[in-house]
Amino acid sequence: MCRIVNCALVIVISAGIVEARETSGAVITTIDGNGADTFVRSSLGGNNAANTNYGSWARVGIKRDTALPGNNRKGYIRFDISSVRPGIEYASLEFVYAGTSPDPPANPSTYSVYGLNDGHLGESWNELTITWNNAPGNNVSSTNGVLSKETTFLGTFDIAVPEINVGDVISFSSIDLIEFLQSDTNGLVTIIVTRQQQNFSVEYVASKEHAMLPPPALVITGLACPWDLDGNGTVGIFDLHALLAAWGTDPGGSPDFDGNGTVDILDLLTLLANWGSCA
Ligand SMILES: [Ca+2]
Ligand SMILES: [Ca+2]
Ligand SMILES: [Ca+2]
Ligand SMILES: [Ca+2]
């Protein structure tokens, strides 16, 4: 279940009509629902790391090491957002820094963030069996790359080592991240993180198995009642009419609540299931 952290009232101005819309916030972590967090690692010499699973480790390690091409690590993070679709309006990805080893590099490192494409057969990867060799979307021959046809590039963030301290929050957001979440159709989103720079160190963020630090999280804000299309505080006949008026189209958002590209029977059933007051 998601945790409601705030509620606020925002004013939406559209077509000259001023509407009061309730917004809500939620934090989805890898502990919630079908969430998962781990890293995968390439083999160095004969250590068989590429067939080893790290799903129960307390930290997610990320590393690019072209000098030792068998010693790379890529983060795999899955969130179960089924409880917050379809009202997502803004989201940020948050990690808690959990250390660097063996030695912090002198400069900030830049990390690439990818989303595993919605509907990929590997979206339900098993946290306790995923490896470098079987991870969905992984380019096994690349030190930090992913398969471009199976993933979507969402942006980059920096970790300012060595200034950063254990426990500090690393926050990332982008239009592409938000659109990736908004267009999800099955409630599962996998985020893949790799490092751009080569160096010998591994940067770590806390996983949900960490005893002291919080797990990876998606901080989401959005409409509390997305089925209330006219914003009058009630899901009712006017909203039903608006949905039917858009029937069969692809509005790029509501009332295509499930984001499958068509206003259809699934959206109608969702609206009817939420009939009545939004309060
Ligand atoms: Ca884990
Ligand atoms: Ca998905
Ligand atoms: Ca309404
Ligand atoms: Ca739909």
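These legends walk through close-up views of a predicted model of one protein chain.

**Figure 1. The whole chain, before we zoom in.** Start with the parts list: the protein chain has three helices and 14 strands. Of its 279 residues, 41% are buried. How far apart in sequence are the residues that meet? Take the contacts between residues at least 6 apart in sequence, and 74% of them join residues at least 24 apart.

**Figure 2. How confident is the predictor?** Averaged over the protein chain, the pLDDT is 88, and 90% of the residues score at least 70. Which elements sit at the two ends of the scale? Strand 3 has the highest mean pLDDT of the elements, 98, while strand 1 (residues 3-14) has the lowest, 40. The pLDDT stays below 50 over residues 1-20, although this stretch still has 33 contacts in the model beyond near neighbours in sequence. A word of caution for this view: where pLDDT is low, the predicted coordinates should not be read in detail.

**Figure 3. Strand 5 and its two partners.** Strand 5 (residues 73-80) pairs with strand 3 over six bridges, in the antiparallel sense. Look for Thr38, which stands opposite Tyr76 of strand 5, and for Asp37, whose bridge partner in strand 5 is Ile77. Strand 10 also pairs with strand 5 in the antiparallel sense, over six bridges. There you can find Gly75 opposite Val193 of strand 10.

**Figure 4. Strand 5, residue by residue.** Is strand 5 enclosed or open? Eight of its eight residues are buried, so strand 5 is largely enclosed by the rest of the structure. In a regular strand the side chains alternate between the two faces of the sheet. Here Arg73, Gly75, Ile77 and Phe79 point one way, Lys74, Tyr76, Arg78 and Asp80 point the other way, and all are buried.

Figure 5. Which residues of helix 1 are buried? Leu177, Phe180 and Leu181 are. They cover an arc of only 95 degrees around the axis, so they end up on the same side of helix 1. An α-helix has 3.6 residues a turn, so residues three or four places apart point the same way. The buried residues of helix 1 pack against strands 6, 7, 8 and 10.

Figure 6. The largest nonpolar core holds 47 residues, and Ile28, Val205 and Leu218 have the most contacts inside it. Which strand gives the largest share? Strand 6 (residues 88-101) does, with seven residues. Another core, of nine residues, lies apart from it and includes Leu223, Trp227, Phe257 and Val263.

**Figure 7. Strand 11 between its neighbours in pairing.** Five of the five residues of strand 11 (residues 202-206) are buried, so strand 11 is largely enclosed by the rest of the structure. Val202, Tyr204 and Ala206 point one way from the strand, whereas Glu203 and Val205 point the other way. Strand 4 pairs with strand 11 in the antiparallel sense over four bridges, and Ile62 stands opposite Glu203. Strand 6 and strand 11 are also antiparallel, with three bridges; Tyr97 stands opposite Val205 here.

Figure 8. Most residues other than glycine have a negative phi, and most peptide bonds are trans. Now check the peptide bond from Ser101 to Pro102: it's cis, with omega near 0 degrees. Pro102 lies in the loop between strand 6 and strand 7. Then go to Asn48, where phi is positive, near 60 degrees, even though the residue isn't glycine. Asn48 lies in the loop between strand 3 and strand 4 (59-62). Is Asn48 buried or exposed? Asn48 has 12 other C-beta atoms within 10 Å, so Asn48 is exposed.

Terms used
Residues numbered from 1 in each chain as written. Chains lettered and ligands numbered in written order. Predicted model: local features only at pLDDT ≥ 70, side-chain atom pairs only at ≥ 80, totals over all residues. Helix = DSSP H or I, 4+ residues; strand = E, 2+ residues; numbered from the N terminus. Buried ≥ 20, exposed ≤ 12 C-beta atoms within 10 Å, placed from the backbone. Contact = placed C-beta atoms within 7 Å. Pairing = 2+ DSSP bridges. pLDDT = per-residue confidence, 0-100. Core = buried A, V, L, I, M, F, W, Y, C linked by C-beta atoms within 7 Å. Arc of directions from axis to C-beta.
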